[in-house]
Each structure stands twice: as structure tokens, then as C-alpha cells.
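Q: Here is a model I would like to go through with you. Please take a close look at a single part and tell me what is found there.

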Amino acid sequence: MHISSAVREPLVTGGKSYGDVTYDIVRHVENKPTKLWFIVMGFSLVLLSLGGFSLYKTWTIGIGAWGLNKTVGWAWDITNFVWWVGIGHAGTLISAVLLLFRQKWRTAVNRAAEAMTIFAVFCAGSFILMHMGRTWLAHWALPLPNTYGSLWVNFNSPLVWDVFAISTYLSVSLVFWYIGMVPDLATIRDRATKPLTKAIYGAFSLGWTGGAKHWQRYEAVSLILAAISTPLVLSVHTIVSMDFATSVIPGWHTTIFPPYFVAGAIFSGFAMVLTLLLVTRKVYKLEHYITMTHIETMNKIVMLTGSVVGVAYITEFFMAWYSGVEYEQYCFLNRMFGPYWWAYWSMMACNVFSPQLLWFKSIRRNLVATFTLSIIVNIGMWFERFVIIVSSLHRDYIPSSWRDFSPTIYDVGDYIFTFGLFFTLFFLFAKYLPVVNMAEVKSVLKSSTDKPSHKSH
Amino acid sequence: MEGNNIKYWKGLEELNNEPSFLKNVHDEFPNQPTVDDNSPESDSISGTHRRDFLKLLGFSVAAATLAACEAPVRKAIPYLNKPEDVDPSVANWYASSYVDGGDYCSVLVKTREGRPIKIEGNKYSSVTKGGVSARVQASVLSLYDNERLKGALEKGKAISWSDADTKIKSQLEAIALKGGNIRLVTSTILSPSTKAAIAEFTSKYPTAKQVVYDENSSYGILAANQKAFDKYALPTLDFTKASKVIVSIGADFLGTWISPIEYAKQYAENRKVGKAKKEMSRHYQFESVLSLTGSNADHRTTIKPSQVGAVVASLYSALNGGSASKDFPFLAEAAKDLLAAKGQSLVVSDSNDENVQSVVIAINALLGNYGSTIDINRQSNYRQGNDAAVSAFIADVAAGSVDAVIFYGVNPLYSHPLASKLKGSLNKVSLKISLADRLDETASECDFVCPDNHFLESWSDAEPVSGKYSLVQPTISKLFNTRQGQESLLAWTGAKVEFYNYVQNFWKANVFPKQSTYSTFNEFWNRALHDGVFELALAPSASTPNVDVNAAISAISSSKSSSELEVVFYEKIGVGVGRQANNPWVQEFPDPISKATWDNYVAVPISYAKEKGLKQNDVVKLQFKNSSEVIELPVLIQPGQAKGTVSVALGYGRTKAGKAANNVGKNVFPFVSTQGNALVYNSTVTLTKTGATRQIAQTQVHQTIMGRHNVQEATLADYVKKNGKDHHTGKLVGDMAGRYVPMINVAEGGNAEGKKAPETISIWSEKPNQKMAPNHHWGMVIDLNSCIGCGSCVIGCQAENNVPVVGRQEVINAREMHWIRIDRYYSSAAEEKVGHYQEKEQPEDNPRVVFQPMMCQHCNNAPCETVCPVLATTHSMEGLNQMTYNRCVGTRYCANNCPYKVRRFNWFSYYSNNEFDYNMNNPLGKMVLNPDVTVRARGTMEKCSMCVQRIQEGKLNAKKESRRPQDGEIETACSQSCPTDAIVFGDMLDPESRISKLLNVEKEGRAYHVLEEINVNPSVSYLSKIRNPKV
């Protein structure tokens, strides 16, 4: 039972009863899909198939289908990879870190955020596979026993660390998400009328009865998983940043990258959570669960992490000047005024300047402004990765090799593929699984002290 | 069963409790074979365990799956009777000569299993001294050209050789009988036996006359020498003796002028410096186009083609005590230097104006160079063309007075300015025969095409320089039903001879008697064939020209001087005059200066582009003087192009050369003008912008070095005068002149300033560099002072390492595959400034140029090695950074992390791919592939391996003889192909090797590593460039 002060603003408004919570959430699972759902799902499938065709072409033609060249060996592929991994950060942060810090407000948003995390990591993973010249040999990046003698992976390579980091993150997030869903799945099972639905949700609810023992174990597992996940929130993007930080390329070779990348990841992750939840909230009429307070809180985090990122950008510049390394200095000036100045200034505008608007409470609590900003932030974060990767590579040490990069339709198409994948999975999730953690929301209902302000249902 | 007392026996055996039954009583399937009879459980109840079953299941599924993706069966057919001297996987080398018109090089041809796969230089030749050029090395690919004719043709239809001979012979005889004129139009013929064969032909048909036509004519020099020395010949030049001053007025003697391999080798001798030799020649260049030679000059003055005469005349007057014209910077200095270096200098000009050449002869005579650096008594035979005779021939054809014409080794319908006139009147000739190897522009207009062999299929000889004989021997039997041109000519005289016997007999009669070393001809012949050359020692001798200088000068000064935009037609080092245009290696060879491939273009000076608002790649219309024809070409902004001039390369715009060359660029031969009888490779032009653009495929688009230190250079004066600072000790020493020594601030163990050299810093306790390489440590030293940037190494590497050709669009996409590239940087006015990056990107109008060959540096702290997730790139025990193609999964992380950007990714499958229809897409073209080097698959990374296959071969050969490999025994493809010996390869652990000795001397001198400051510790060192400007 959630006990809180009478003066504290309630986490769930609208005087919901336990029954209301169940009804509000589960009805979307139980009812037939709406027309709107079919439209958006159809749109996602179109993206998925267009992107799928592009991916098919990329794999049959070769990586040459992309716009890469002898100097710029990574561009959209790794930009997209890092972008998706970054987006995949908010879920675990919300469910694990905020759980440990007893931030009860997370209960309304953690389910969707975690789902988003998992789907984003799928998308990121698809770029790991896509960017390989010989994808059919991708398993060589795993330390598998083999008949090549004692041939292992190169444990010095940040790409191998990536493989471990991403796969660990994905499996832990998946387990955390699933375990958290068990009581809700059991609720759906119990309410199900059709035998098939009952059987499927029954199988996935792992024989949950709601007994005290079950709840006790559930709480314990959640805490343990939260403890395991918390370092992962920091480690995944730290390791992704090491792809760059451990290299010798000016603009990549930077010790500031791990914290800077983690902050950026949380920044973009929260922005993406906001984008998705604002839509879900509207469509599923979840205004009483995902309240303005939630949105404002998340906006504060976006503002904080955005400012951290901004400080990181400035620090990088300072270090480039202070290091006295001409290559570093040129690299950073080239970012600002070189051929990719537009990418740099887009990044600055989207990531550093625009979140500063969130200092205003009116903007923090404005849905349209929040939604717009959340999208701007994600555009900015895409540009951040693009700037780091392309503008560092395209003019590094030897001027004779300086070349520019421009994308082809397959670069775009393969990016669209991951959007298709992401939204298809998210809409499937929104239809077939409870988008809000009912069990946990019920635990924060302010039922003990407050009278319902008005009655609904 | 227990509850039931009824017991059923399975049989009498159970009832009787027989031992054999009891043994298997608990075994349901007693005779089942077990998978593993040795396993401890094999005696247990069941023979097949679940695990074994799963293993078998897994295996059979895997086997079935594997069988389904089995590679197609390719059959290798063994020799039924092995040829005596062909051992599979062991290369055979044959000495031969590359002869293409007047171009000559003595070569060694590497054959594998009977296929020539590589051409290298022949060190026995004192003419080319083991040097080769890009074009020479690429010629092996021309052998495997699908466009070559597969047999004789009559009016485009196949005809047997005997029928062709009968028809041609009867027609020739008929023409000769009625006194009709027969013309044999040939290129310069270097071969004395071919000349003898031609003489036989002309004596059989008395009305026959040979007309010699050179696309790149040196008629001016020939005509001037005819006047001055009564010799229609080129002199032999000796740049080694021109140890003090070289003045070239337009002659690109390092790149394309007459015999560049020979001259480059000689020139480099006087450009090399070291601790023991701190002197070098000073080189002045006066030219319009930024040529390879001009880019190596110490002083380069831009002039218009119309000013050549004035420069030469002014130089002559300055040498005679007059004053040099102020219009030409450095002319007075050049004159002063020349006067101080009599007999040790050389003045050359590529002008085809006889008067200019007469003055040049007078200048060299004045300087006492005849007999020293220049020798007309030992003549060079590279150019014998007679422009007057060619014009007369074309006039005769037009007049209808020629009855038969044989084109041998020439393609005038493509390459002569009067091609359209000739083409229009060629139908007046009743018998037209071409000996071209393909249906080219001229051959397709002929009645008979009797295709000649490739030189690698032919017997012949050459006498490039008086007394220096050279043999051409076949290295493969004829691929097609072709016949040597000489045999065709002889066949039409009625003689049925093999040219092999003909050459042998010629040598027996004419060359053998000139020597006394060998008593029998057989011995002599075998030695000559083995060496590839036979040379007579002829001492240089002086001669005095008979020149009327004043008449020549007044003839020059009366000639044109215009304010119009002048255009220069020049040759590119790769394509040349377009004879080998259908060779994809040549087409994709980056021009050493512009780095452009697959196109020609109008090179315009920076100032002109600014003035007219022209941008790179803008297409302009070119309207030439005296021509109604207009062509459109893209613009390339060329620093160093003389003001008031533009330039366009010859050799492009072939229409019937084959699919690699057809319609690549535009043909500008029709616009070559004439002055008197001589062809003059310039004209005037007006440019109009069309508004269209066409991107020029360049392998390097950034022009300047941005003030960085990857190229380090100093002046000779500083080098001699101890103006360099040793950063370790802080002392001033000349050897360190121009050196940039990065020093890192350290907390302890630094020098007085608290700094340490990056290479001495390591996080490991053992000394860096000594943790590996117990046996050999292969390395390279590249002398930037001797590297002239010719790019011979690029093609050498391409041939050796099966580097694919990617085509124009992929070069535009910056995905060329060359493992070695020559970085070319122009100087910028803002070079020394701090910051000012935008200014630093702009080259000067007439920049200093520097070339830097760049390939995998084989770093000993290699950034690429640590980042590969699958260990596909690793370090060998011998200091090599090796690529395991099979293991590569293609993440491209290594290429990104390479500070030198030398790694190349297989973006596509380049072999057997219709999108890349070059040599690797057809069975014939694939014959050039080196079987020792893997052809790389799509999605893998590749790069310079330091020719690991050659290292391995050398080590194995040494091992067979129980010794260490000797220095020089193993050469990489680039080091062997360098005509100036700028690349030294060797074992850095062998104290006696050239590289060790060189590094020992230069370690505290000119040797440096590129990007030393990031401490990747490369195995490739560079020696700083020393220039010798007048101070």
C-alpha cells in the first residue's frame, strides 16, 4: 500500500479505483483493434516492407549500395546504431534506477518505456548486422568454440565489447520487462473469455496466483533485476562510446565520451519516451495515469541531460584547444565551419538550445511544446552521432584522403526499415500487452486518504 | 506381470536359460551397433545414446545443409606431359623488350604456368637500367584484351591467312606492275631486323615507300639536327652528367618526353642527397602545363607556348653576355648557373619548332655539353617520324596518287590532325591494309586487317640507342590467330619465314660480328637472349654543330605572339597518345598531377577560373582556331597552369579501341596545329560555359597539406649550412633541416625541457619495437627527394596484387582500390600561418609540388589491429601488418581507425560482376591475375601486404639453400618498379641491408615517420625532401 502525504499531488488522478485501473488498461487488449490502430499498423508495415526491400538490395548488392567511401567507412549505419541504442536507454533507467530510488511516478511509464527500449535495441542490433560486409559471418564476432584451432574473438576490440554489452542489455531488459508483466498477464488471463486467449496469456503468466508468496518473490526479483540493470544503464553507452574513444581519430579519441554518451542516451531516451507516451496517452485516454506531473518530471530530466550534453560539447572544444594537438583543433573547427557545418549547427540548435526552453514551467506542462521538443531532441541526437562519426572521419590526419560523404537511397531505406520494425513492434505491444503496469499503478493509488474527486465508471 | 502367474516365453532359449539369451535379456535391440564402442558406457543397456543420436542428427543435418551450399565444381586439368621448364607454382622469367612505337623499355617478364602476369625492369640494360613506367607495366594486361582481333579480316569478314596473303600479294604485284604507289605508314621502328624486313618489302615493290609517323612527333629536333649535324636523329642525353644545372623549356623528360624511364633514372642520380653527398643538381623548368617534370623542378616559371621562342632566344643572349628578359622569372638565374656549369648542364626543349631547337643546339654547344651530357654521334632512335613525309602522304592520298597503303603500328585516322581529310580520301586508295591488333579507327576503314601479335607473343629486336641492342622474345604462344607484322610484310614479298629465324639471322650477320667476347654465335645468342640486351661500349664524343643562330632567332621572333587564350595539348603519363587506351589499368591510373582518372578535361589556371566564374567540373565548349568542330569538356582548375593558357590531354576520345576506352574523354588530335611541316601541340581556343557539369573522377580532391608535417622538406642550403635543429639535444645540425620532431611533455624521464620523443614512450616495460620480430623486421624507406611521383609503383602493385579496377563512377565515389597511392600536395600561401584553414585549402597560382607515396605503413602499434573484432588483421613476427581475408567480416573499423587511410574495402564483388566489366570479368582478362595473391571477396578489407607473397618466396628460396635471404633478393612490387630507386625495401634486422645502413645514417637526419606523434610506430620511414632553389 502506498502511503503518501495528503499534500502531495496524487500520482494517479481521477480518483481511480482498482477496478478502474484494470478496466482502463486491459480494455485495449480485450477490445477489437480500432480503426486508428489498423491505420498506424498498416503504415508501419509499409515502412517495414519498403525498408525490407532496401535491406534486401543492400545485402545483395553489397555495402557499396551505401554512400560510404575509402575515408568515411561508417556513416548512417553506425549513426543509426548509436542513435537507437541511445533511445533504448530510458526504459532501463526508468524501471531500474528509479525503482532503486523509490521514484513511484515511474510506475505509469515504465512498461512502455521498457518496451521501447527493447524494440530500440532490436533496431540497433539490426544495424550491427547490416553494417557488416559479410553479415553471414556475423557469428564470428561471438566467442564460439570452433574448429579453426584456438581462434577466438579479439577481446581488445571495442566491437566485441559492444556485442557483449548490447546482448547483455537486451537479455536483462527483456527479462525485467517480462517479469514485471507477469501479474498483469495473469489479470488478462483471469478476465479472458476466449479459451485461446486464456491459454496464451495463461502460459505467459507463469501460473501467477497473486498469492503473498508470489508478490514477495516478485518484489525480490524486481529488486535484484534492478540492481543488475542499473550498471547496465551506464555500461552500454559507455562501451558504445568506446568504439570511438579508444580509436586514434581526432574527434573520436576523447576520454569525455563515456559520461557524455550516457547523458546523451538518457536525453534521447526520455525524448523518445515522451514522443511515444504522449501519443499513447492521447489515443488510449490514459491522462489520469500519465499525468502532467509525469510529463513535467520527464521534461526536467530532458532539460538536465540536455544541459549535460551541452557542457560536454563545450568541454570537448576546450580540450581540443587546450591539448595543443593541431589535428584535434582542426577537427573541431572543421565541425563548426567545415563542409558539415549544417549538421553541427543542427545538433547545437536541437540539443543544446532548444531544451533550454524547458526552464519555463508553462512549456514543460504544454503537451504540444513537449511533443515538438521531444522530436527535435531526437533529430538533434541523430545529428550528434552523425557529426561525431562523419565529420571526424572525413578529414582526419592525411589531407590527401579527405573526402565528403553523401547518403544514397539505400542509406535512407535501411534507416526506414528500422522505423518500420520499431513501430510495428510497438503497435503490436500496444495492442496485445498492457501498456501500463497495472499491478504497480494500483500500488500507488492514493486510495487510503483521498476521496475520489469525481466518480467515473 | 508379477500379479499374473502366466509366463510366456519368448522362445526355447528363454525356457532353457541359454547363456546367449541371458546375455541380451535386458537389451531390446541387441544387435544395434553403438556409435562409440570405446566409450565407457558402451557396455550399458542401449548402444545408441540420446546424445549420440542428437550428434548424428546434428551431423547429418549439417552435412545435408553444407552439401546444399557446396561451391560449384571447378576443374583443374593437370598436364598430361609436363613441359620441361614449367613447374606449377614456380614462376619463369624471360628477358624481353617493351616496344610500342618509339617507346622502349628493357623488361623481364614473369610467367606462371605459361601465362605472362607481370613485367619488371631489366637491370642488364644500360639504357633503362631496370626502370619501368606505369604504361610498360600495364602492357601485360593489353595482351589479354578481348578486343584484340582473333584472326585476319577482309572488309570486316574473317579470312584465312593464306587467302589474305594470296589476295594481298596479287593486288600488290598488280599495283607494282602498273607503277602504282605503295605507302607503308609505320610508327617509329626501333627494330633493326624489322627495318631489314621493310627494306626487303620495299625492294620487292620498288614503288613502295615507308612513311614514318609519330603521334608525339619530335620533328623539330630531328630537323634541327639534320641542319646542324647532317643527321636526322635525336641525340643521346645523359642527365647523370648534368650534375649541376638542368634547364627544360617545356620538355616533360621525367614523364612523357621521348624516353622518360631512361631520363628519370639518370636525373634521380643527381637529386639524391645524403650525409656523404650534400649536393644536387638545380633544375629550372619553363612550361605552360604543370608537368611531372615541372613539379619536380627547383624553379618553375610559367610561360605561354608562344613564348617558348622568346625564352630560348633570351637564354641564348644571356649566355652570350646579354641580359635575360625580365618577363621570365629565374631566366637570368638559370643563365648564370648554366655559365658556371659548362659541360655539367643540359638544356632541353620539347618544341617542335626547328628554329627553337636550333637555338637549343647552339646553347648546348656554347655550354660545351656536346660530348658530355649530350651526344649526337650516339643517336637515340625513339623518334624517327617525319611530319613532312606524313603531310605529303596525306596530300598524295587526297590527290589519288596512292594505290596501296599499309598501316603498321599507327592509327592516323584517330591521331593525325588531318584525319578527317585522310578518311575522306582513303577510298581513292584501292588497297588498304592495316596491321593493327584491333579494329581501330584506321583498321575499320581498311580492306584487309592482318592483326599483329602483342609484343609478348612476338620475336623481334630493338636498337633504342646506337649500339645498344635488345631482344624481344615471346613469353606465351599466340592467344589468337594473329601474325607478327614483320611476317606479314615478308609473306607479301613471297618469303615464308618465321621472324624468329629472321631476327637470328640478322643478328648473326649484323650484331654478332661487332663483338669479340663470344666465339660462337650460339653462345652469343643464348647470352643475349638471357640478358635481353647486348650492348656495345661506345665512348661519348663531342661534335660541333653548324647552326645559324641569328637566322633561327630572327625566325623565332618573327613568329606569332598572341593575346588569345592558348591551349596546350599534352600527353598523360598513363594514357599517353592513346595507343594503350583500352587498358583499364591505364584508364584508372591517376594522373600524377591532377589525380584524375577516366577522362580528359580542360585544365585552366586558378586566375582564369576566378575571372570567368568557372568552377571545377563545369562543362565548357572549346572552339579551336582553324577548326569548325567544337568539343565539350569539363573544367579542372589546375594550379601551375600558365596564365593565358589552358591544356587538354591527348590520347582520349577513342571511338574504336574497345569498351574501356571508347568515348572516354574527347579526342583533341584534330586540333593539333602545324607550323611549316611540323606538328605543333598547341593552338588557340575560346571557352564558353555551357551550364552543364560533368564530374571529373579524381582520387584526391584536397590539394594542400594544411600546414601539417606528413611531408617534411628543406632547402639544400639549410641542409648544408646546419640550419636544422636536433630536437633531442637542441643542437643545430644540417641533417635535421626541415625536420619536424614532435616531442611529448612527460612527467619524468624527459629531456631538459621535460619532453620525450613519442616513439620512446610505451606503457610496456620492455623497449618498444623489440617485443616482436625476432628474425626479420621488414621495412621500407621512401626517399621523397628521389620520388618524382610518376606512379609506376601504382601499376606495379596493381599487377602484382590483383587490385581490381572499379571504373569512373566508383572513383568519383572515392572507392578506388589501389593499395599504393601517390599523395600530391600543392603549396599554399598560408602554409606557415597559424589557423587560417580556409586559406590553407587554397593552393598557390604556381605552387611548389610534393609527392608522397603512401601505402600501409605496417605500424608496430597498429591502430587497425586492436579494433578488429575477429582478429582478421594481426601483426606478424616479422613486423608485417597482415590481413586474413577469410576471417574478415567487414566492419570497416580498421579502415576508420587507420590514420593513413590506406585500407581499401571491397564494396562490391569486383570479379565476375557485370557491373565491373573490366579485366576480372572475363576468362581472358583473368589470365593476368597473380595466382600467389588471393582475389578478395565482397565485404572484406584489403591493403598493402608489403608483397608478403614475395617475401615468402624469397625466404623459401633461401631456406632451400640453408641461408638467410640476402638483401635485394626480395623486392616488393613498388620498390622494384621505381625508376628512381626512391623506395628501399629490406630487413631492418639485417645490419648489412641497404635499409639498415640507410636508417643508421639518416636516423638523426632526414628519416622520419609520418604522424610520428601518435606513436603508431610504422615500419615505413620517409626521407625528407630537399629542394635546391637559388638563394
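A: Start with B:Lys155, which sits in the loop between β4 (153–154) and β5 (157–158) of chain B. Keep in mind that this is a predicted model. The phi of B:Lys155 is positive, near 45°, and the residue is not a glycine. Most residues other than glycine have a negative phi. Is B:Lys155 buried or exposed? B:Lys155 counts as exposed, because it has 9 C-beta neighbours inside 10 Å and the cut-off for exposed is 12 or fewer.

B:Glu113 lies between β2 (103–112) and β3 (115–121) of chain B. B:Glu113 also has a positive phi, about 50°, without being a glycine. Its C-beta neighbours inside 10 Å number 16, so B:Glu113 counts as partly exposed.

Now the helices of chain A. The axes of α9 (residues 257–283) and α10 (residues 292–323) of chain A come within 8 Å and cross at roughly 150°. Angles over 145 degrees count as roughly antiparallel, so α9(A) is roughly antiparallel to α10(A). The crossing is left-handed. Residues making the contact include A:Phe267, A:Phe270 and A:Leu274 of α9(A), and A:Ile301, A:Val302 and A:Val309 of α10(A). By type, the residues of this contact are 15 nonpolar, three polar and no charged.

Last, the contact between the chains. Chain B gives 42 residues and chain A gives 38. On the chain B side, α26 (863–867), α27 (893–896) and β38 (904–905) each supply at least two residues. That side of chain B holds 21 nonpolar, 14 polar and seven charged residues.

Technical notes:
Residues are numbered from 1 along each chain as its sequence is written. Chains are lettered from A and ligands numbered from 1 in the order in which they are written. This is a predicted model: local features need pLDDT of at least 70, side-chain atom pairs count only at pLDDT 80 or more; totals for chains, interfaces and linings use all residues. Two residues are in contact if their C-beta atoms, placed from the backbone, lie within 7 Å. Helices (H or I, at least four residues) and strands (E, at least two) are DSSP runs, numbered from the N terminus. Ala, Val, Leu, Ile, Met, Phe, Trp, Tyr, Cys and Pro count as nonpolar, Asp, Glu, Lys and Arg as charged, and the others, Gly among them, as polar. A residue is buried if 20 or more other C-beta atoms lie within 10 Å of its own, exposed if 12 or fewer, and partly exposed in between; C-beta atoms are placed from the backbone. Axes are lines fitted to C-alpha atoms, for helices over the stretch in contact, and angles run from 0 to 180 degrees between N-to-C directions. Angles under 35 degrees count as roughly parallel, over 145 as roughly antiparallel, 65 to 115 as roughly perpendicular and the rest as oblique. A crossing is left-handed if the near helix is turned anticlockwise from the far one by less than a right angle, and right-handed if clockwise.
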